[in-house]
Each structure stands twice: as structure tokens, then as C-alpha cells.
Amino acid sequence: MTVTTPTDDLAEIRYTTGISIIVPTYQEVDNIPHILARLDKLRQDYNLTLEVIFSDDNSQDGSAEAVAASGFDWAKILVRTKDRGLSPAVIEGFEAAQYPILVCMDCDLSHPPERIPQMILGLNSGQQFVIGSRYVPGASTDDDWGFLRWLNSIIATMLARPLTKVKDPMSGFFIMRKADFDTVKELNPVGYKIALELIVKCGFQNVGEVPIHFSDRVYGESKLSFKEQLKYIQHLRRLYLHRFANAMYLAQFLVVGASGVAVNLIMLSILLAMGLPDAVCLAGGIGVSVITNFLLNRRFTFSYAKDGNIGKQFVGFVGASAVGACVNFAVSYALRNSIFEGSGSGLYLSALCGIAAGMIFNYLGNRYIVFRK
Ligand code: GDD
């Protein structure tokens with residue numbers, strides 16, 4: 001990751017061939033004239049060929065009229081009526097773009113358009129993706145960022161760390177080549193974090209960050225609700241699955257397995273409290289935990305298979321568990337009589353090795369047979 005710092009060399013980007021600036025909007029009528037004025041100045045200062053596409057979710061607040069009233073033939077609005085949301089709006093805008101350089105930015109002027117030339121320099125120098133960043137030296141934010149907003153942003157960024165080393169992957173201000181965008185398959189962002197989605201799905205390694213001053217919006221309101229923030233967790237899970245598929249499936253399988261132990265013990269206690277015979281209580285705990293494990297694995301761990309035939313899957317799951325139990329027993333027993341023989345805690349060590357072997361066998365059976373893709 002490279003941090004691009006301001007240079008005096010911006011003249012280099014004059015006459016850059018075609019830039020499509022995509023601005024996702026929802027009820028931003030008051031901001032449209034201001035952002036267009038700033039972009040028009042940029043266009044004139046650098047003799048840029050550009051288009052601005054407001055990708056609007058049918059705001060019906062006069063946004064379409066405000067774009068038309070600007071009189072700029074390089075500005076248009078795409079009124080969307082399906083698949084509402086910031087990220088889908090950006091993707092649709094990128095698909096509609098006609099120029100080879102794509103810029104995404106907010107409408108509320110949080111992101112300074114004047115930084116675009118610096119970001120283009122990054123692309124020209126070989127970077128694949130350039131972010132207008134709040135977290136590199138030289139960047140700043142308005143003072144009235146409360147502690148909670150700051151903390152929220154830091155935690156969200158930390159959670160994305162294993163996916164990218166970029167300092168500000170949450171930014172909605174970035175630039176990339178249309179040619180790269182056109183090659184990416186399977187874009188599936190949930191919520192706001194379209195930059196993170198593109199970096200991970202395009203597999204970009206050379207990402208630059210240009211420091212910006214992030215201003216608080218003057219007109220209108222943020223649409224970033226708590227619900228949108230929760231969607232980020234769902235989005236992260238999908239991206240982790242994309243990047244670290246096998247490790248993620250195994251981790252989820254183990255977490256579900258651990259939850260099964262808790263379910264088993266809770267059920268056992270309930271049945272004991274009801275005064276039932278020990279054998280019934282033990283069998284009840286095992287039976288209920290097998291069912292919850294199956295349902296959780298089907299719904300979460302291997303969610304891609306959740307539309308498969310549930311009956312067949314359940315039989316397969318129980319079968320794989322039975323085979324796993326046999327492998328567990330065979331490995332424990334064999335080790336008990338060989339490697340660990342004579343050792344004081346030999347039986348426990350053999351049992352632990354057996355559990356690990358059984359679990360791996362069980363996992364592989366579920367991943368590649370019962371819930372195969
Ligand atoms: N089309 C469309 N549909 N646009 C939307 C939607 C939507 O559902 N929701 C928000 N937008 C537009 C807004 O109109 C604005 O132009 C831009 O997306 C950003 O939305 P804000 O609601 O202003 O976001 P924010 O200021 O709270 O969030 C900022 O910080 C995030 C990182 O914490 C933005 O910079 C985000 O881009 C950034 O991810």
C-alpha cells in the first residue's frame with residue numbers, strides 16, 4: 001500500500017482521457033448544485049473530459065430537476081427504482097459509465113473533489129485503486145466527529161484488516177479503472193462498503209491512499225442508519241468467506257460444534273430436572289444437539305446449501321457424525337495402545353487426538369459430501 005502525498009505535478013493530469021464520476025444519491029437535492037459547481041471548476045481548471053452520473057434511488061425531492069437546471073450536458077441522473085441501496089447504486093453507475101476512469105464520491109461534499117487530480121496521479125503511477133483517505137498522514141476530519149463515530153469507524157476498519165492493509169477501506173471516495181471493474185465477477189455488497197468489496201473481489205494489491213480533509217455535511221442528513229451498520233457484519237462475513245473460504249468454513253463448523261456442547265448440557269439439565277431416567281436425559285441431550293448442529297450448519301456454516309433437500313442432508317449429517325465417532329474411537333484406541341501407552345494421562349491424550357481426528361473427518365464429510373457445492 002502506498003500513500004500518495006500532494007505534489008506540484010498535477011499539470012500532468014490535464015486532458016486526462018475521460019473520467020466518469022459516480023455520485024450515489026438519496027434525497028440530496030440541496031447538495032446537487034454545490035457539488036456540480038465544484039466539479040465544474042475542477043473540469044475547467046484541468047481541461048478534463050468528464051461526466052457526472054448521479055445514481056439516485058428515486059428520491060422524488062427535485063434532484064432530477066436540479067441536475068437538469070444546472071444546464072451541464074456532462075451531468076445526468078440515473079433514477080433507480082429497484083434494488084435500493086448505496087452499493088447497488090454505485091455498481092449501476094459504474095456499469096453505465098462511458099469513460100475509462102471511474103470515481104465514486106458522496107454528494108454531500110464530505111469528499112473534496114479537488115483531490116481527484118491527485119488520485120488520478122496515483123492511477124497513472126501504476127496503482128490499481130486509489131482511496132481518498134481519512135487515516136493517512138496529512139488527512140483530517142472536521143472537529144465535531146463525536147467519540148462514538150470515531151470509535152465506530154476505527155472498529156469497522158480493524159475488522160477489515162485481515163482483508164486489506166488499507167488504512168481507510170470504509171471510505172466512499174475512490175477511483176479505479178473501468179477495465180478492472182468490467183472484469184470483476186460476483187459483486188455482492190451488502191450496505192455501504194463498496195470500496196472494500198471492490199478491493200477484495202478485484203484482488204487489488206497496489207492500493208494508494210491520498211489524504212483528504214473529510215468535512216461534515218452542511219445540507220441534508222446522513223442515511224447511515226444502525227441497520228446499515230449491522231449489515232456491515234454480514235458483508236464482512238461474505239468477504240472473509242470469499243478470501244479465506246476453507247478456514248472460514250472450518251471455523252464456523254467448530255463454533256457450531258461448540259454451541260452443540262452447550263445445547264447438549266442445557267438439555268441434559270432440563271431433562272434431569274424433570275426427573276427422567278439418566279439414559280433418557282443423556283439421549284435427549286445428544287439428540288437435540290445433533291438437530292441444532294445440523295440446522296446451524298445448514299443455515300450458516302454451509303449456507304450455500306440451504307436450499308438443498310433437507311431430509312437427505314440430515315441423513316448425511318447423521319451418517320458423517322457416526323463415521324466421525326468411529327474414527328474418533330479407532331484413533332483414540334490405537335494411540336492408547338501404542339504411542340501413549342504407559343503415560344499417566346495416556347487415555348486423555350489419546351481421547352483428545354481421537355476427538356481431533358473425528359472432527360476433521362466429520363468436517364470433510366460435511367463440507368465435501370453432505371453440503372457439497
Ligand atoms: N442511491 C443511494 N441509495 N444513495 C445513497 C443511499 C441509498 O440507499 N444511502 C446513502 N446514499 C448516498 C447519499 O445520498 C450520499 O451521497 C452518499 O451515499 C453517502 O451517504 P451518507 O448518508 O452521507 O453517508 P455518511 O456520510 O454517513 O457516511 C460516510 O462515511 C462512510 C464511512 O464511515 C460516507 O463517506 C460513506 O461513503 C462512507 O462509507
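User: Leaving aside neighbours within four places in sequence, which residues is F54 in contact with?

Analyst: This is a predicted model, in which local features need pLDDT of at least 70 and side-chain atom pairs count only at pLDDT 80 or more, whereas totals for chains, interfaces and linings use all residues. Residues are numbered from 1 along each chain as its sequence is written, and side-chain values use heavy atoms, without hydrogens or water. With contact taken as heavy atoms within 4.5 Å, F54 meets V23, T25, I32, I35, L36, V67, K76, I77, L78 and C107.

User: Which residues touch the most other members of the largest nonpolar core?

Analyst: A nonpolar core is a set of buried Ala, Val, Leu, Ile, Met, Phe, Trp, Tyr and Cys residues joined through side-chain atoms within 4.5 Å. The largest such core has 35 residues, and those touching the most other members are I21, V52, F54 and I116.

User: Is K201 buried or exposed?

Analyst: K201 belongs to residues 194–202, helix α7, helices being DSSP runs of H or I with at least four residues. Its relative accessible area is 15%, and because buried means under 20% and exposed over 50%, with partly exposed in between (1.4 Å probe, protein chains only), K201 counts as buried.

User: Which residue's side chain joins that of K201 in a polar contact of 2.8 Å?

Analyst: A polar atom of the K201 side chain also lies 3.0 Å from a backbone oxygen, that of E186, and K201 touches V184, L187, N188, L239 and H242 among others. The 2.8 Å polar contact, in contrast, links the side chain of K201 to that of E197.

Methods: Helices (H or I, at least four residues) and strands (E, at least two) are DSSP runs, numbered from the N terminus. A polar contact is a pair of N or O atoms within 3.5 Å; within protein, one must be able to donate a hydrogen and the other to accept it, and residues adjacent in sequence count only if both atoms are side-chain atoms.
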